[in-house]
Amino acid sequence: MRDELSVRGNHALLTRANPLAKFTAVTMVTLVLALSIDWVSASVALAFELMLLPLAGLTVALLWQRGWPLILAAALGGWSTAILAPDAGAVLFDAGIWSISAGSLQLGIGFMLRGLAIALPAVLLMSCTDPTDLADALAQNAKLPHRFVLGTLAAMRLVGIMAEQWQTIGMARRARGVGSSGNPYQRFRATMGQSFGLLVQAIRSASRLAVTMEARGFGGAARTWARPSTFSGLDAWVLLGGLGIAAAAVAAALGAGTWNLVFLTRQ
Amino acid sequence: MTSSPGVRPAAVTARGWGWRHAGRPRPAVSGLDLDIRPGERVLLLGPSGAGKSTLLHALAGVLGDSTAGEAGDAEESDETGSLLIDGAVPRAQRGRAGLVQQDPETQVVLSRLGDDVAFGAENLSVPAGEIWPRVREALDDVGLGWLPLDHPTSALSGGQKQRLALAGILAMRPGLLLLDEPTANLDPAGVLEVRDAVGRCLDKTGATLVVVEHRVAVWKDLVDRIVVLQPGSATDSAVLIDGPPDQVLAEARDMLIGAGVWVPGYVPATRTRTAPASGQLLLSSDALAVSRERPRRAGLRQGFRTIAPRPVQSGVMARVRAGEALTITGQNGSGKSTLALTLAGLLRPVAGTVSATTELSGCADRRVGDGAGTDPYRWKAQQLIARIGTVFQEPEHQFVTGRVHDELMFGPRHLGYGEDRVDELLERLRLTELVDANPYTLSGGEKRRLSVATVLAAHPQVLVLDEPTFGQDANTWAELASFLSELLDAGTAVVSVTHDAEFSAVLGGTELRLHGRDAAGSGAVNAAVNAAGPDRELPEAAAS
């Protein structure tokens, strides 16, 4: 596992909660937000989530470092919604087919806030949860098949190795005269070749890892767990917190009259 | 401390045992008759293709499903005779035997040290309360007990990873330890670390040991029996010689040398250099700092400026001259490979410069000579390969076609050269018979020879090699060393990253010793290489 996925050195409160409880809380918030495109429910949820950052051991700088692709995607989604949604109300900006009106701007902002409010819990969860502990909880508490869960966990470790191999194979191929220069077609072909090389290496690594795991007795029907995944009082609070944020978001939107169920609105 | 019974050493019995992998015409092993008593320690030798790994995999109970898909053939694999551990089939006795393989990277299953060691015990349904005492004991036994249990496994060195794999096996309390070239990918210090850990654990548990290794000197004093296997055939027995180490080494010395085994006290004969004078300066570096990481962008607050990565090595002054060998040495993690790749124009210098002299960049007689500046990193790929050739540690990373001949023609074809050099290289590196083979299907030694040949086919004036002798048998080693000394005499510059003092002694030239990254002001400068002393390290043999 690379550094980004490790919670080593993070002693925040939420690192001690059971991963399954955190996962459930995150799912509740996400589900509610996925139901409605409106800026009120999204901003309420987002405000609560930002308040939770210290509990997960996150700072705004760290959040940006780990979650910037999601944050950018949310902003981009909001922007394109604002431009492309049907106009309603006063037109604020007009450039032919691209125009922003009060109505479409509101929709765009709602869309962006919603994207952020949905993405942030996932970043929060991964920042205070070790993947191994999550796997333990999924297999022991949620009773998912342990062969599948542990197989996935072991495979995730290979992803980090693959990132290193990609760089090495790129250099090794340049040393053979396969350059990343030339016209787009040549570059595309070079990338395809490099991907194929990576695929070959990935399959080799995976089959060697499979032998390693099998040689250590993996694959049997029963196994014991050295790290029992247990629940504590903290987990009740985590679940309540998730439920609370979801309820507050819905209540605020209903109160403000902006609640807007996705599958009931005009498409 | 634990209530579990101690380790019960296992016995191995093979009667006319044979195995053919799915889709292969010939069996990997056939007609094997072998008895290993409980607690015996056996070193398994034999030429590449004698089925040593197949036997270990069968004993570990992992033969079959996992290897069946490899050949891409629907044919089933095929087993004959019987192979038993304590009178029962290995597959039915999960955890009775534990296997450590060659590649450290794929021996690690989980991301925290303690979890990884516990993995095997959990799979064997050891009661949870008993697992952690076992984990601590196993880590102490392999000498990793000083690390915290949540230490990230990705931060371990190669030797540490192999010891971790051993600990993971020990926590299962197996009666049979199977080691499949556990030290082939390690530097000399790592080799000894692993060997000593194995010795300590065997003394403590009394388990049976079967180890496959070509470095006889490393394991000779630890084992009490050597078994030499030969490639399977219908008539002959699979076991060629069997007996105490000294006796086998005395009786079969010549045969083992012929098979490329590193027999103790034997150094393969190599060509001596005839013209060890150094020629013109081709490539030099000044105040060079190197890193594999790319520069990254700072966040919004710092205005998105570029942050240079932290160099693993800095202040390096290197001089590469025509006809002269430059050997880069130093401990693990001192940035040897990174430095070599930077000199080779494959990585961008973090600070300082790498510059080619006009002698190298000009290349008046080369078709792609025009327009190349002094910085090799900025050269186009084709300009680069005609000047500096780089041979990577893992040959497979450099294969770009599906046929040996195409592989060799790839560089020359792109540069507009003829085939004459290719035929000569095929001949010289004994690849003529293999022209139609798929590069991925070659043996370890053949892959190494091919990777050297493909790079040389582009006529570079500088050849850079990263650990060229890792995992090579004595025959390939001698061929490679002789061939490089010939190239040097013909005026090519050879830069090699190596731990192999014997190898650098054959090439002569100068040594660039890198100090650890924590050493202050590690300004490494070329220094004269010492002749190999008596405590030189022996390279090891190819994977079978």
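Okay, let's start with a pair of helices in chain A: α1(A) and α8(A) are roughly parallel to each other. This is a predicted model, by the way. The axes of α1, residues 19-35, and α8, residues 233-256, cross at roughly 5 degrees and come within 8 Å. Under 35 degrees counts as roughly parallel, so that's where the label comes from.

What meets what there? On the α1(A) side you've got, among others, Ala21(A), Val26(A), Met28(A) and Leu33(A), and on the α8(A) side the list includes Val238(A), Leu243(A), Ile245(A) and Val250(A). By class, the contact of α1(A) with α8(A) has 14 nonpolar residues, three polar and two charged.

Now, chain A also touches chain B. How many residues are involved? It's 45 residues of chain A in contact with 57 of chain B. On chain A's side, the elements giving two or more residues are α3 (60-84), α6 (146-174) and α7 (184-215). The largest share, twelve residues, comes from α7(A).

Over to chain B, then. Chain B has 544 residues, and 55% of them are buried. Its secondary structure comes to 17 helices and 20 strands. If you take the contacts in chain B with a separation of 6 or more, 75% of them are between residues 24 or more positions apart.

Let me show you one sheet in chain B. It's an open one with three strands, in the order β2-β1-β4, and the pairing is antiparallel. The edge strands are β2 (29-36) and β4 (78-85), each pairing on one side only. From one strand to the next, the twist averages 20 degrees. β1(B), residues 12-20, pairs with β4(B) over seven bridges, and Gly18(B) has Thr80(B) in β4(B) as its bridge partner. Lying across all of β1, β2 and β4 of chain B is helix α1 (52-59) of chain B, running at about 120 degrees to β1(B).

Last stop, α16 of chain B, residues 474-489. Its 16 residues reach 23 Å from first C-alpha to last, close to the 22 Å expected. Which of its residues are buried? Among them are Trp477(B), Glu479(B), Leu480(B), Leu484(B) and Leu488(B). The buried residues of α16(B) pack against α9 (253-258), β14 (325-330), α15 (444-456), β18 (493-497) and α17 (501-507) of chain B. And just after α16(B), Gly491(B) takes a positive phi of about 105 degrees.

Methods:
Residues numbered from 1 in each chain as written. Chains lettered and ligands numbered in written order. Predicted model: local features only at pLDDT ≥ 70, side-chain atom pairs only at ≥ 80, totals over all residues. Contact = placed C-beta atoms within 7 Å. Helix = DSSP H or I, 4+ residues; strand = E, 2+ residues; numbered from the N terminus. Buried ≥ 20, exposed ≤ 12 C-beta atoms within 10 Å, placed from the backbone. Axes fitted to C-alpha atoms, helices over the stretch in contact; angles between N-to-C directions. Parallel < 35°, antiparallel > 145°, perpendicular 65-115°, else oblique. Nonpolar A, V, L, I, M, F, W, Y, C, P; charged D, E, K, R; others polar. Expected span 1.5 Å × (residues − 1). Pairing = 2+ DSSP bridges.
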